[in-house]
Amino acid sequence: LARPLAGSTWCADCRPPERARPAPGEDRCAETRAVLPGAIEALQIPLLRGRAIAELDVADAPSVVVVDENAAEAFWPGEDPIGRTVTVHGRTHEVVGVTSVMHHFGPGGDVRPIVYLPVPQEGWNGSARGLFLVIRATDPSGVLPAVRDAVADVNGSIAFGDPQSLDALLD
């Protein structure tokens, strides 16, 4: 799970299940982002069609993904991806939404297809490696104590990293 603007090494084999597995070196990978409800909105990634990841996307619900415009064009050129399926980490998911492109590698960085998976349905890595909280606030330092307390209330042994503002990440 990568924090915004940090890039990633999570380029997964993604493909519509009706397409044959590509020859080695010819596969189309997509950056995978396991997200909780509200993450796409907090990052202000415009939702172009369909819906974002929601509270109803729990582990035993139908498997869903939200794809960005690059993934939509890579996997279904000229077609509407809503309702189509894509296999990620060996599991088939229905596309429920399309977002605009976000530069997860920073301004001027690589722009790769991105697939957003609900954390409870991700299955391959889930939240086992940790989560990054994205919080929108007019005074970020003012909400930090409340966020630390809320995390501790959930589980006091959860490590809380070094908070950074979006401006600091952009720098």
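The protein chain exposes about 9500 Å² of surface, and carbon and sulfur atoms supply 52% of that area (Shrake-Rupley method, 1.4 Å probe; for residues, only the protein chains shown count as cover). The model you are looking at is predicted: local features need pLDDT of at least 70, side-chain atom pairs count only at pLDDT 80 or more, and totals for chains, interfaces and linings use all residues. Residues are numbered from 1 along each chain as its sequence is written, and side-chain values use heavy atoms, with hydrogens and water left out.

**Overall picture**

- The protein chain has five helices and seven strands (DSSP runs numbered from the N terminus: helices are H or I with at least four residues, strands are E with at least two).
- Along the sequence, these elements follow the pattern β-β-α-β-β-α-β-β-β-α-α-α.
- Of the 171 residues in the protein chain, 37% are buried (buried is under 20% relative accessible area, exposed is over 50%, partly exposed is in between, with a 1.4 Å probe and protein chains only).
- Take the contacts between residues at least 6 apart in sequence: 70% of them join residues at least 24 apart (contact means heavy atoms within 4.5 Å).

**Confidence**

- The chain has a mean pLDDT of 79, and 70% of its residues reach 70 or more (pLDDT is the predictor's confidence in each residue, from 0 to 100).
- Confidence is highest in strand S3 (residues 47-50), with a mean of 97, and lowest in strand S1 (residues 11-15), with a mean of 63.

**The nonpolar cores**

- The largest nonpolar core has 14 residues, and Val-65, Val-67, Phe-75, Val-86, Val-95 and Val-115 touch the most other members (a core is a set of buried Ala, Val, Leu, Ile, Met, Phe, Trp, Tyr and Cys residues joined through side-chain atoms within 4.5 Å).
- At least two residues of this core come from each of strand S4 (64-68), helix H2 (69-75), strand S5 (85-88), S6 and strand S7 (114-118).
- The biggest giver is H2, with four residues.
- Another core, of twelve residues, lies apart from this one and includes Val-35, Ala-39, Ile-40 and Val-66.

- Val-67 sits in strand S4 and is buried, because its relative accessible area is 1%.
- From Val-67 to Ile-114 is 47 residues in sequence, but 5.9 Å in space, C-alpha to C-alpha.
- Beyond residues up to four places away in sequence, Val-67 touches several partners, among them Ala-72, Pro-81, Val-95 and Val-115.

**His-93**

- You can find His-93 in strand S6 (residues 91-99), and it counts as buried because its relative accessibility is 1%.
- Its side chain reaches the backbone oxygen of Arg-91 at 3.5 Å.
- Leaving aside neighbours within four places in sequence, the contacts of His-93 include Val-65, Val-86 and Leu-117.

**An aromatic pair**

- The structure holds one aromatic pair (ring centres of Phe, Tyr and Trp, using the six-membered ring of Trp, within 6.5 Å; planes under 30 degrees apart are stacked, over 60 edge-to-face, the rest tilted).
- Phe-75 and Trp-76 form this edge-to-face pair, 5.7 Å centre to centre with 70° between the planes.
- Phe-75 is buried at 1% relative accessibility, and Trp-76 is buried with a relative accessible area of 1%.

- Most residues other than glycine have a negative phi.
- Gln-44 has a positive phi of about 55° although it is not a glycine.
- Gln-44 lies in the loop between helix H1 (39-42) and S3, and it is exposed because its relative accessible area is 53%.

Notes: A polar contact is a pair of N or O atoms within 3.5 Å; within protein, one must be able to donate a hydrogen and the other to accept it, and residues adjacent in sequence count only if both atoms are side-chain atoms.
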